[in-house]
Amino acid sequence: MQIGLLFGSFDPIHQGHLMLGQYMLQFENLDEVWYVLSPQNPFKTKIQLSDVHHRLNMLQLALNSSPSLKICERELTMPSPSYTIDTISTLQSEYPSHNFAIIMGTDNISTFNQWKDYQTLLDSHRILVYPRLGYPNPKLTHPNIKISPAPVIEISSTTIRQWINANKDVRHFIPIETYRYIICEGLYKRVGKSE
């Protein structure tokens with residue numbers, strides 16, 4: 001199987017995440033997209049994240065009706081901060097018949113050479129790069145890197161947290177089940193830090 005891995009804190013998951021996963025399924029020769037819930041991004045160690053059980057619950061509610069969009073909880077059982085190379089190595093040993101591709105934005109590809117063992121990742125896996133506003137497409141020629149013509153979707157979890165904290169109605173920016181969960185749990189009712 002061809003599996004795309006979309007890493008993130010998903011705090012909260014929003015419609016942009018879902019649209020990106022669906023696009024990659026339809027246009028980038030993937031059988032499934034796994035949303036890899038990261039307990040802590042090593043490049044974002046100062047960010048205060050919601051408790052992981054809330055983020056996992058929101059993911060489950062959002063992806064419940066999409067059989068080809070799945071949750072990957074592997075990083076929750078690994079040492080923190082989590083590194084993509086370690087996660088993929090673990091997944092590859094668990095699912096030897098799967099081929100894993102990394103889905104990342106142009107904002108991340110610009111610092112990809114700072115990732116742990118990035119050359120191994122680059123040589124062993126497809127890297128599917130989607131556009132992000134303000135980050136031009138990189139001039140990269142490696143055969144495993146594909147610049148995907150995915151639509152630019154500029155919704156951020158940071159902005160959604162800020163809007164909720166300001167009592168704005170965000171029900172059309174996030175899946176409705178996730179929205180109800182956030183309201184019920186009283187999440188993000190404080191000033192959030194920038195991602």
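Q: Which residue of β2 stands opposite L6?
A: Y35 in β2 stands opposite L6. Strands (DSSP runs of E, at least two residues) and helices (runs of H or I, at least four) are numbered from the N terminus. This is a predicted model, in which local features need pLDDT of at least 70 and side-chain atom pairs count only at pLDDT 80 or more, while totals for chains, interfaces and linings use all residues. Residues are numbered from 1 along each chain as its sequence is written, and side-chain values use heavy atoms, with hydrogens and water left out.

Q: How many bridges join β1 to β2, and how many join β1 to β4?
A: Two strands are paired if DSSP finds at least two bridges between them. Here β1 and β2 (residues 32-37) pair in the parallel sense over six bridges. Five bridges join β1 to β4 (residues 99-105), and these two strands also run parallel. Within β4, N99 stands opposite Q2.

Q: Which elements make a right-handed β-α-β unit?
A: A crossover is right-handed if, with the strands pointing away from the viewer, the path from the first strand over the helix to the second runs clockwise. In this model the unit consists of β1, helix α1 (residues 15-27) and β2.

Q: Is β1 largely enclosed or left open by the rest of the structure?
A: Burial is judged by relative accessible area: buried means under 20%, exposed over 50%, and partly exposed in between (1.4 Å probe, protein chains only). Six of the seven residues of β1 (residues 2-8) are buried, so the strand is largely enclosed by the rest of the structure. By contrast, P79 is exposed, with a relative accessible area of 69%; P79 lies in the loop between β3 (69-72) and α3 (84-94).

Q: Which residues have the most contacts inside the largest nonpolar core?
A: In soluble globular proteins, nonpolar side chains tend to be buried together. A nonpolar core is a set of buried Ala, Val, Leu, Ile, Met, Phe, Trp, Tyr and Cys residues joined through side-chain atoms within 4.5 Å. The largest one here has 22 residues, and those with the most contacts inside it are L6, I13, M24, L30, V33, Y35 and I103. Helix α1 gives the most to this core, with five residues. Apart from it lies another core, of 20 residues, among them C72, I102, L121 and I145.

Q: Which residues of α7 are buried, and why do they line one face of the helix?
A: The arc used to judge this is that of the directions from the helix axis to the C-beta atoms. In α7 (residues 176-185), T178, Y179, Y181 and I182 are buried. Seen down the axis, the buried residues of α7 fall within an arc of 160°, so they line one face of the helix. The face turned away from that buried side carries the exposed residues R180 and C184.

Q: How many aromatic pairs does a search of the whole structure find?
A: Rings of Phe, Tyr and Trp (its six-membered ring) pair if their centres lie within 6.5 Å; planes under 30 degrees apart count as stacked, over 60 as edge-to-face and the rest as tilted. The search finds seven aromatic pairs. W34 and Y95 form one that is edge-to-face, 5.3 Å centre to centre with 75° between the planes. W34 lies in β2 and Y95 in the loop between α3 and β4, so the pair ties together parts that are 61 residues apart in sequence. W34 counts as buried, at 8% relative accessibility, whereas Y95 is partly exposed at 33%.
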